[in-house]
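My notes follow in the order I checked things.

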Amino acid sequence: VEAPTPRTEVSLTYDGGTDVYVRQDEAGPGARSRGLRVLRARAEAGALDLLVEGRGGHTYTLYARTPRRLGAADGVTVSQAAGEDAVIEIAFAGPADAYVQRTIRLPLR
């Protein structure tokens with residue numbers, strides 16, 4: 001502000017974004033990695049694009065903080081209570097002893 005007055009009013013408009021997170025369980029010393037791996041999460045063009053890895057035969061829980069509603073996809077269920085973060089359940093097919101990669105596109109409404 002070049003010539004500030006005794007009172008300056010600033011107005012901000014915030015349009016909340018979308019992000020995902022995993023609740024991690026603490027692993028013991030020497031434990032093998034078994035959790036969901038989020039390699040990429042990008043919200044754009046009306047969809048949330050995810051690149052994730054998980055062990056075959058397992059279903060993992062991922063959470064999304066977003067002001068919008070998430071749609072489902074094949075092998076993915078989404079639930080969201082009012083005022084709460086979305087809960088995304090992702091099922092993985094394949095061998096249980098190996099990580100399998102999935103690309104998922106969830107509609108944003």
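Predicted model: local features only at pLDDT ≥ 70, side-chain atom pairs only at ≥ 80, totals over all residues.

**Entry 1**

Strands (E, at least two residues) are DSSP runs, numbered from the N terminus. Two strands pair if DSSP finds at least two bridges between them.

Residues are numbered from 1 along each chain as its sequence is written, and side-chain values use heavy atoms, with hydrogens and water left out.

Next I checked β3 (residues 47–55). It runs antiparallel to β7, and 9 bridges join the two. D49 stands opposite R105 in β7.

**Entry 2: the four-stranded sheet**

I found another open sheet, with 4 strands in the order β1-β4-β6-β5 and antiparallel pairing. β1 and β5 each have a single partner strand, so one side of each is left without a neighbour in the sheet. Here the twist averages 25 degrees from one strand to the next.

I followed the bridges. β1 (residues 19–21) and β4 (residues 59–65) are joined by 3 of them, and V20 faces A64 in β4. Between β4 and β6 (residues 86–91) there are 6 bridges. T59 has A91 in β6 as its bridge partner.

**Entry 3: aromatic rings**

How many aromatic pairs does a search of the whole structure find? It finds 2. Rings of Phe, Tyr and Trp (its six-membered ring) pair if their centres lie within 6.5 Å; planes under 30 degrees apart count as stacked, over 60 as edge-to-face and the rest as tilted.

Y21 and Y63 are stacked, at 5.4 Å centre to centre and 20 degrees between the planes. Y21 is in β1 and Y63 in β4, 42 residues apart. Y21 is partly exposed, because its relative accessibility is 23%. Y63 has 15%, so it counts as buried. The cut-offs are under 20% relative accessible area for buried, over 50% for exposed, and partly exposed in between (1.4 Å probe, protein chains only).

The rings of Y60 and F92 have centres 5.6 Å apart and planes at 80 degrees, so this pair is edge-to-face. Y60 lies in β4 and F92 in the loop between β6 and β7, so the pair ties together parts 32 residues apart in sequence. Both Y60 and F92 are buried.

**Entry 4: T66**

Is T66 buried or exposed? T66 is buried, because its relative accessibility is 12%. I located T66 in the loop between β4 and β5 (76–79). Its side chain makes a polar contact of 2.6 Å with the side chain of T18. The T66 side chain also reaches the backbone nitrogen of R68 at 3.2 Å. A polar contact is a pair of N or O atoms within 3.5 Å; within protein, one must be able to donate a hydrogen and the other to accept it, and residues adjacent in sequence count only if both atoms are side-chain atoms.

Notes:
Axes fitted to C-alpha atoms, helices over the stretch in contact; angles between N-to-C directions.
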